[in-house]
Amino acid sequence: RIATGGKAGSYYPIGQLLAQGLTGRSGPECPEGCGLQGVLAVAQLSNGSVANVEAVQQGSVEAGLAQADVVSWAYNAEHVFADAPAHDRLRVIGTLFIETLHIVVAADSEIRNVGDLAGARVSLGPPGSGTLVDTRLVLAAHGLDEDDLQARYLKPHAAREAFRAGTLDGFFLIAGHPTPSVSDLAAEVPLRLLPVEPEVARSIGYDVPFLRPVRIPADAYNGVEATPTVGVGAQLVVNAEMSAARAYNITEQLWSERMARIFQHGHPRGAEIDIGDALAGAGIPLHPGAAGWYQRRGMLP
């Protein structure tokens, strides 16, 4: 079981592809067997990063996708997890891709920057999501908190529908670009993305080193200009009690040529999932089985 996110984000479709690649198969297309033999992998819908690390820690799922900052905070009982026990059973398999913060408003809106969101009807992301955690950081960097807004806490699909219906002025979403919540909307109505300027992104990064300045390119969404924002790594995490052999095999399948083809043909972000990023931003220990695979490949001492 792989905990992912909502259907309109990037975690769920990527999780589905990951499950497809990990599920054991045999037949003419796999004469020597593909995936993890004897294993059926499934992607499960969830509220996102915070919910996923809790589920992995508790053992209610075997794996989950989560933001690198959320993973580190949970493991070290910091930030939003400061009042909770350390999630000390979390272990990283690898970083898959960089997620970007989207702050969506209408193209003709008078809201031109994050500061202009004061008093606006805005979805900050659902409870239990990494979007909500990092949205609060971005608002604070602009001198705002959620009490300054007419805050809503909606999943991406619900936020998109409320925006389309005119009951929201904007919404925050952390996802790999392009994400269906934004691309589907941009195909119907003119949109803009609010910037998080590089100097602001760097100031956030001083306190949260997993967040870094990035850009959403001009070709990501129909009619939307290139926009500076913040990004964070999306990691695959498992429970420390998973056997070393199972974690080793998951890592081997994750970075196999077959999985690369599945990712590349299955999702726009798939081509960006690269082994060169596998160890980026790993703020907590790797699973020993994963570490063993990276060592054999010469990526770790």
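**Aromatic pairs, buried residues and helix packing**

Student: Does Y294 count as buried or exposed?

Tutor: The relative accessibility of Y294 is 0%. Buried means under 20% relative accessible area, exposed over 50%, and partly exposed in between, with a 1.4 Å probe and protein chains only. Y294 therefore counts as buried.

Student: What are the values based on?

Tutor: Residues are numbered from 1 along each chain as its sequence is written, and side-chain values use heavy atoms, leaving out hydrogens and water. The structure is a predicted model: local features need pLDDT of at least 70, and side-chain atom pairs count only at pLDDT 80 or more, while totals for chains, interfaces and linings use all residues.

Student: How many aromatic pairs are there, and what type is the pair F163 and F171?

Tutor: Rings of Phe, Tyr and Trp (its six-membered ring) pair if their centres lie within 6.5 Å; planes under 30 degrees apart count as stacked, over 60 as edge-to-face and the rest as tilted. That rule gives two aromatic pairs. The ring centres of F163 and F171 are 5.8 Å apart and their planes stand at 80°, so this pair is edge-to-face.

Student: What type is the pair W293 and Y294?

Tutor: W293 counts as buried, at 8% relative accessibility. The ring centres of W293 and Y294 are 5.4 Å apart with planes at 80°, so the pair is edge-to-face.

Student: Which residues of helix α5 are buried?

Tutor: Helices (H or I, at least four residues) and strands (E, at least two) are DSSP runs, numbered from the N terminus. Helix α5 spans residues 156-165, and its buried residues are P156, A159, R160, A162 and F163.

Student: Which elements do the buried residues of α5 pack against?

Tutor: Contact means heavy atoms within 4.5 Å. The elements that the buried residues of α5 pack against are β6 (90-106), β7 (121-123), β9 (170-175), α6 (180-186) and β10 (191-193).

Student: At what angle do helices α2 and α3 pack?

Tutor: Two packed helices are described by the angle between their axes and the distance between the axes. The axes of α2 (residues 49-58) and α3 (residues 68-76) are 9 Å apart, and the packing angle is about 45°.

Student: Which residues make the contact between α2 and α3?

Tutor: On the α2 side these are S49, V50 and V53. On the α3 side they are V70, V71 and A74.

Student: Which residues does R258 touch?

Tutor: R258 lies in helix α9 (residues 257-266) and is buried, with a relative accessible area of 19%. Not counting residues up to four places away in sequence, R258 touches Q20, G21, R25, C30, C34, G35 and Q253.

Conventions
Axes fitted to C-alpha atoms, helices over the stretch in contact; angles between N-to-C directions.
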